[in-house]
Amino acid sequence: MSNGTVTRQEDISHDGLSGPAWFALILLISWLVLPLIPLGIWSISRSWFFPDITPSAYSLRAWTYVFSTTSEVLPALGMTTFIALCATLLSAIIGLPAGRALGLYQFRGKAVIELLILAPTIVPGIAVALGLHVVFLNLGLAGSFSGVLIIHLIPTLPYMVLVMAGVFANYNPEIEAQARSLGAGPIQTFYYVTLPAILPGLLIGSLFTFLVSWSQYILTLLIGGGRVVTLPLLLFNFASAGRNDITGAISMIYILPGVVLLLLGARHLTGRNSATESLRQI
Amino acid sequence: MADRWKVLILLSPALLLIVGLFLGGLFLGLIGSLGYMPLLGREEISLDAYRKILASDRFYHSFLMTFYISFTSTIIASILAVGAALILRRHFFGRSVINFLFQINLTVPHLVGAVGILYLFSQSGFFSRLAYEFELIARPSDFPAMIYDPLAIGIILQYVWKEVPFIGMILLANMQTFGQDYEAAARSLGANRWQGFRYVLLPLLTPGLLAAALIVFAFTFGAYEIPALLGQNYPASLPVLAYQSFTDVDLNARPEALAMGMIIAVLSAVMILGYARLTRRYVRS
């Protein structure tokens with residue numbers, strides 16, 4: 001009987017794929033990769049008119065433009081990176097203690113607090129940003145770097161808190177007490193004991209947080225008012241203006257951090273609910 | 001008791017920020033939608049904005065359009081994701097490469113996907129050229145419109161493209177936690193593959209699938225850039241209409257924009273409560 005169970009179990013998972021399953025899988029994967037291909041080809045094409053299946057002439061014109069000092073792309077790349085870095089740093093500073101509280105302690109009202117922290121990741125940013133716009137305008141934050149940075153914290157902070165809560169749930173605070181009893185101060189304890197233990201989780205959380213800020217479009221557009229120009233804003237403009245070659249080149253740059261993250265963190269991603277769920281923001 | 005204070009101190013910076021910015025933004029949106037905007041010199045409170053949008057065809061068409069897009073893409077993405085997860089949980093040659101490719105667009109921003117869909121499905125796009133090559137069409141305009149079209153096919157294709165891996169990964173993670181014992185038991189009791197899936201695996205997966213679908217629905221209902229790039233002008237999707245009203249030179253349109261924002265927020269709040277119920281009751285237990 002137990003033997004039969006084992007064979008049947010292997011039936012489910014170890015027998016490779018049947019022909020139709022392979023076909024469906026290949027079809028699905030091609031569909032998932034397909035939209036990225038014309039972007040790459042456009043970025044190196046010089047002329048690619050209907051009905052040509054492949055470009056009739058290739059050139060690096062779009063890439064030369066993107067990296068030239070006169071184009072807006074490099075400043076936008078710098079701006080996007082800087083905003084994402086600052087948003088990640090602030091989210092880590094504010095979110096780490098909150099993650100610790102949620103991961104290590106049980107307290108009354110915890111469920112409500114978790115829900116409150118989860119909510120900004122699900123409520124569409126446009127609903128919140130439309131309401132905040134007037135206040136930002138009055139505080140002189142609209143159209144400024146700081147305004148955009150602050151508004152980006154709405155989607156990035158909850159994400160960092162949720163990841164850190166997961167990290168601290170598997171953390172043993174006893175070793176801190178031991179370090180303290182051996183004479184370490186709070187800063188020393190954090191630096192030499194806590195930080196090394198949570199560092200892998202903190203890094204993964206930071207990478208995702210960076211990507212969440214990196215992907216924001218409508219929040220930047222509404223609060224930045226077109227004066228804070230990030231890569232997605234440029235991408236949208238070039239795409240609607242029909243400059244397919246430059247759009248393709250910007251797209252290739254824009255997806256780079258995500259692909260790098262996936263290569264670095266693929267192991268951590270698979271089978272981890274919290275990490276996957278966070279990607280809904282991107 | 002000491003712990004209570006510790007928890008409060010640890011939580012307060014994050015809570016202050018979320019309450020101040022997130023709840024504050026929603027609150028300002030709410031009073032603004034009621035016409036109360038002291039910073040713009042309006043202080044009366046009324047339901048005029050809601051009355052006005054609820055009486056306009058433009059809003060109804062936009063609302064129905066957005067609902068149709070979100071509903072259709074969530075259903076299609078969920079079905080495909082279940083199929084994908086059933087295949088990907090097996091062991092087969094090249095699984096790690098396939099898994100990587102399956103995940104690749106999780107980190108690709110929506111906007112990039114939208115541009116990719118545009119270049120594939122527009123009337124001068126790749127598939128149109130392919131159709132010309134096989135002499136199915138004589139000119140670009142013969143190719144069925146899938147971008148800026150009344151059925152919003154391009155937008156739905158983009159959402160399905162982006163959300164299948166997202167739902168699929170959540171399902172795969174869920175499947176890992178159940179293991180295969182239940183199915184194996186069902187199979188040893190004589191259930192065939194389909195029965196094992198239908199009566200054992202699917203009920204186990206349902207809470208996780210529903211939770212993921214709620215998130216996807218809420219996201220697609222409030223997303224701006226994809227319908228702005230791929231959608232038609234009329235009826236525009238609700239977030240696009242809200243943005244247009246908000247940036248209208250006529251300041252009287254602002255309360256209407258905020259009212260539409262509130263409607264989007266209320267809908268997503270319903271989704272969050274559903275999500276919280278589902279995850280608390282099944283997934284975390």
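Me: Which residues have the most contacts inside the largest nonpolar core?
Reply: The structure is a predicted model, in which local features need pLDDT of at least 70, side-chain atom pairs count only at pLDDT 80 or more, and totals for chains, interfaces and linings use all residues. Residues are numbered from 1 along each chain as its sequence is written, while chains are lettered from A and ligands numbered from 1 in the order in which they are written. A nonpolar core is a set of buried Ala, Val, Leu, Ile, Met, Phe, Trp, Tyr and Cys residues joined through C-beta atoms within 7 Å, where buried denotes 20 or more other C-beta atoms within 10 Å of the residue's own, exposed 12 or fewer, and partly exposed in between, with C-beta atoms placed from the backbone. The largest such core has 167 residues, and those with the most contacts inside it are Ala129(A), Val161(A), Ile250(A) and Ile167(B).

Me: Which helix gives the largest share of this core?
Reply: Helices are DSSP runs of H or I with at least four residues, strands are runs of E with at least two, and both are numbered from the N terminus. With 16 residues in the core, the largest share belongs to residues 145-169 of chain A, that is, helix H8.

Me: Why does this core lie between two domains of chain B?
Reply: The domain bounds come from an automatic or database domain assignment. Residues of the core are supplied by both parts of chain B, so the core lies between domain 1 (1-33) and domain 2 (47-283).

Me: How far apart do the C-alpha centres of these two domains lie?
Reply: Residues are in contact if their C-beta atoms, placed from the backbone, lie within 7 Å. The contact takes five residues from domain 1 of chain B and eight residues from domain 2 of chain B. The separation of the C-alpha centres of domain 1 and domain 2 of chain B is 31 Å.

Me: Which residues does Ile167(B) touch, not counting residues up to four places away in sequence?
Reply: Ile167(B) is one of the residues with the most contacts inside the core. Its partners, with that exclusion, are Ala77(B), Ser78(B), Ala81(B), Ala212(B), Ala213(B) and Val216(B).

Me: How do the residues of the side of chain A that touches chain B divide?
Reply: The contact takes 89 residues from chain A and 92 residues from chain B. On the side of chain A, helix H13 (residues 244-269) gives the largest share, eleven residues. Ala, Val, Leu, Ile, Met, Phe, Trp, Tyr, Cys and Pro count as nonpolar, Asp, Glu, Lys and Arg as charged, and the others, Gly among them, as polar. The division is 64 nonpolar, 19 polar and six charged.

Me: Is Leu39(B) buried or exposed?
Reply: Leu39(B) is found in the loop between helix H1 (2-33) and helix H2 (48-54) of chain B. Leaving aside neighbours within four places in sequence, Leu39(B) is in contact with Val134(A) and Asn138(A). Because Leu39(B) has 11 C-beta neighbours inside 10 Å, it counts as exposed.

Me: How many residues of helix H11 of chain B are buried?
Reply: Helix H11 spans residues 238-246 of chain B and is mostly covered. Its buried residues include Leu238(B), Pro239(B) and Tyr243(B).

Me: Over which residues of chain A is the pLDDT below 50?
Reply: The pLDDT is the predictor's confidence in each residue, from 0 to 100. Chain A has a mean pLDDT of 88, and 88% of its residues reach 70 or more. Where pLDDT is low, the predicted coordinates should not be read in detail. Values below 50 occur over residues 1-13 and over residues 269-273.

Technical notes. Contact = placed C-beta atoms within 7 Å.
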